[in-house]
Amino acid sequence: MTRRGARRFADRTAVSMGGYALTYAELDRDVNRLTAAFLGLGVRPGDRVAIMAENCVEFVVVAFAAMKAGAWFVPLNFRYGPAELAYVLRDITPRVVVAGTGYADAVEAALADPPGVPDRPAVVVLDERDRAGGDRLAYRDLLATDPGAEPVDLAEPGGIATVLYTSGTTGFPKGVLATHDATVRLLPVYAIEGDLRSGDVMLISMPLFHGGGLVIQLFPALAFGATVVLTGRGFSPTAC
């Protein structure tokens, strides 16, 4: 999707938040760099790449890089308590976990929670301040990876694109799997129902860990050449 966007809308802003924005060409560039970095960390088709972060531009890059590497993209609810987070991480056994600002310690604690997660995943932090101690990797360093040629898109139509966990109101959260084919087939439906056109601006205040923010808003907006404006936790019309 990002490669097509870069070809058709190269200089148009793809996604922005606060003072940080990426054009479609820049988004595709960063996705390719992070895809190469994920592959270098041992991510292979069918592995899981998880992220626990509030809405941010980097969240979008991680999502598309994970899927391009053939991995299952797993956004985690940043409102999880320790037990819920530990359960989900044991359930998905990720190869990589990306932690947003302030969430790295919670991720580390959940990974260590007995019986723990077998084959400890790489932990990538979006904020350099969360890197202190341990073997955490910095997102910025991974983006410095020069893939040379564009990485091959390893996503298969019938392969899993996303795993979105339910709220767990009647028990532990349950992962809902969606294939690339099923996800892409729904994009025109969302676009038609939302009267979405190329060049529109899509304001996303829903959390991107939720299907509403990720699949119903973000994916169709970028597929059809809209500009996505993200807001963080709590909606403030004066901040948009």
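This report describes the strand pairing, the aromatic contacts and the salt bridges of a predicted model.

Strand β3 (residues 48-52) is mostly covered, since five of its five residues are buried. Arg-48, Ala-50 and Met-52 point one way from β3, whereas Val-49 and Ile-51 point the other way. On one pairing, β3 runs parallel to strand β4 (residues 72-75), to which four bridges join it, and the bridge partner of Arg-48 in β4 is Trp-72. The chain passes from β3 through α3 to β4, and this β-α-β crossover is right-handed. Arg-48 and Trp-72 are also related through their side chains, as Arg-48 lies over the face of Trp-72 at 5.6 Å from the ring centre.

Strand β3 also pairs with β5 in the parallel sense, again over four bridges. Within this pairing, Val-49 has Val-96 of β5 as its bridge partner, and Ala-50 has Val-97 of β5. Strand β5 (residues 96-99) sends Val-96 and Val-98 one way and Val-97 and Ala-99 the other way, and all of these residues are buried. Together with helix α5 (residues 104-112), β5 and β6 make a right-handed β-α-β unit.

The structure holds six aromatic pairs. One of them joins Phe-64 and Phe-219, whose rings are tilted, with 5.6 Å centre to centre and 55 degrees between the planes. Because Phe-64 lies in helix α3 (residues 57-68) and Phe-219 in helix α8 (residues 211-223), the pair ties together parts that are 155 residues apart in sequence. Phe-64 is buried, with a relative accessible area of 8%, and Phe-219 is likewise buried, at 3% relative accessibility. Elsewhere, Phe-78, Tyr-103 and Phe-209 form one aromatic cluster.

**Salt bridges**

The structure holds 13 salt bridges, including the three in the table below.

| Asp-113 | Arg-90 | 3.2 Å |

The salt bridge between Asp-113 and Arg-90 links distant parts of the chain, with Asp-113 in the loop between α5 and β6 and Arg-90 in helix α4 (residues 82-92), 23 residues apart. Asp-113 is partly exposed, at 32% relative accessibility, and Arg-90 is partly exposed with a relative accessible area of 28%.

Asp-181 and Arg-185 both belong to helix α7 (residues 180-193), and because they are four residues apart there, about one helical turn separates them. Asp-181 is partly exposed, with a relative accessible area of 32%, whereas Arg-185, at 59% relative accessibility, counts as exposed.

How values were computed. Residues numbered from 1 in each chain as written. Predicted model: local features only at pLDDT ≥ 70, side-chain atom pairs only at ≥ 80, totals over all residues. Heavy atoms only, no water. Buried < 20%, exposed > 50% of the residue type's maximum accessible area, 1.4 Å probe, protein only. Helix = DSSP H or I, 4+ residues; strand = E, 2+ residues; numbered from the N terminus. Pairing = 2+ DSSP bridges. Right-handed = clockwise from strand over helix to strand, strands pointing away. Phe/Tyr/Trp six-rings, centres within 6.5 Å; stacked < 30°, edge-to-face > 60°. Lys NZ or Arg CZ within 6 Å of the ring centre and 35° of its normal. Salt bridge = Lys/Arg side-chain N within 4 Å of Asp/Glu carboxyl O.
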